[in-house]
Amino acid sequence: MRDLDPDKRGVPFGGPVTLNVGGKQYSTTLETLTRFPDSMLGAMFRGPWPSQTDASGAFFIDRDGKVFRHVLNFLRFDRLDLPEGYRELALLEREADFYQIRPLLEEIRLRREEERAAASNAILHLDVECQQRLLHFTLRKGSQRYDLSTCQLRAFSANLFCTDSGFLRLMGDRLLSGAPEDAAPAAPHPEEARDHHLRLEWAPRPAGLPSAEYLKQKLRPLRALPGGHELTCAGDFIEEVLKFALSQGFRIDAIFPDPEDILNSRSLRFVRH
């Protein structure tokens, strides 16, 4: 880094100021940087300006450049606007504390309280469906001979909606898709899809369907941790969700169609207060 010539640092109030924060470059104004005079940024740009600059002359700050976007937007708009499912609040809080922006720290505190309230009072809704169909495939019987074969296939789909997205992330971590040797997470985390929704699809391999044909059809089993045991029917899946939901403080609120036959239900509603 080189020192900027003090005689060449004059920037008119309202004029552009370029910052290099952890390798990411931002352009803003003195008015924005000094919005909160008691903050570290306010002190830096009201008094003697920072001496560290990069090769282009931008003022260098050795902090997280990605998170600084949200710090700067708070200075610009005086409100905290974060993407849905934002999961770096602790890091943002550390950066706000470093820059000593008290109003931003207060907004983060309020956001944390809202998240805790949403987690403690939550609704979980589960729908699961099974479709049975005939699967036709060919079996090689010799070098020049193939036979047409048929088997019954059960394909399952499940939709989970929960107001506590953290519960869905934990639920998703317990479910794996594929054979034991190549099992992978069964579905993306909610923040990679929709924050409060998780959809799963799977189909156990029928006894009469060869493994190669099963993979060719792009079918996958569903397994549950711990242990990686396969969920071969809707009841197995419901039991896994039920056990985990109860362990997380949920209780059953509604069962459809038969309240007396929970493992053969098609729809479940849980609540947590």
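This is a predicted model: local features need pLDDT of at least 70, side-chain atom pairs count only at pLDDT 80 or more; totals for chains, interfaces and linings use all residues.
Start with the rings. Across the whole structure there are nine aromatic pairs. Select F98 and Y99: the ring centres are 5.1 Å apart and the planes meet at 80°, over the 60 degrees required, so the pair is edge-to-face. Colour by accessibility next. F98 is partly exposed, at 28% relative accessible area, whereas Y99 is buried at 0%.

Then show R63, which lies over the face of F98 at 3.9 Å from the ring centre.

Move to W202 and F237. This aromatic pair is tilted, with 5.1 Å between centres and 40° between planes. Both W202 and F237 are buried. W202 belongs to strand β10 (residues 197-202) and F237 to helix α8 (residues 234-247), so the pair ties together parts 35 residues apart in sequence.

At least two lining residues come from each of β6 (122-142), β7 (145-162), β9 (184-185) and β10. The lining comprises ten nonpolar, three polar and six charged residues.

Finish at the largest pocket, which holds about 450 Å³ of space. Select R87, E115, A118, S165 and D195, the nearest to its centre among 21 lining residues. Helix α5 (102-120) gives the largest share of that lining, seven residues. By class, the lining of the largest pocket has ten charged, six nonpolar and five polar residues.

Methods:
Residues are numbered from 1 along each chain as its sequence is written. Side-chain values use heavy atoms; hydrogens and water are left out. Rings of Phe, Tyr and Trp (its six-membered ring) pair if their centres lie within 6.5 Å; planes under 30 degrees apart count as stacked, over 60 as edge-to-face and the rest as tilted. Buried means under 20% relative accessible area, exposed over 50%, partly exposed in between (1.4 Å probe, protein chains only). Helices (H or I, at least four residues) and strands (E, at least two) are DSSP runs, numbered from the N terminus. A charge sits over a ring if NZ of Lys or CZ of Arg is within 6 Å of the ring centre and within 35 degrees of the ring normal. On a 1 Å grid over the protein atoms alone, a cavity is a set of points where a 1.4 Å probe fits but cannot get out, and a pocket is an open set with protein on both sides within 12 Å along at least five of seven lines; lining residues have an atom within 4 Å of a point. Grid points are joined across faces, edges and corners, and a volume is the space filled by probe spheres set on the points. Ala, Val, Leu, Ile, Met, Phe, Trp, Tyr, Cys and Pro count as nonpolar, Asp, Glu, Lys and Arg as charged, and the others, Gly among them, as polar.
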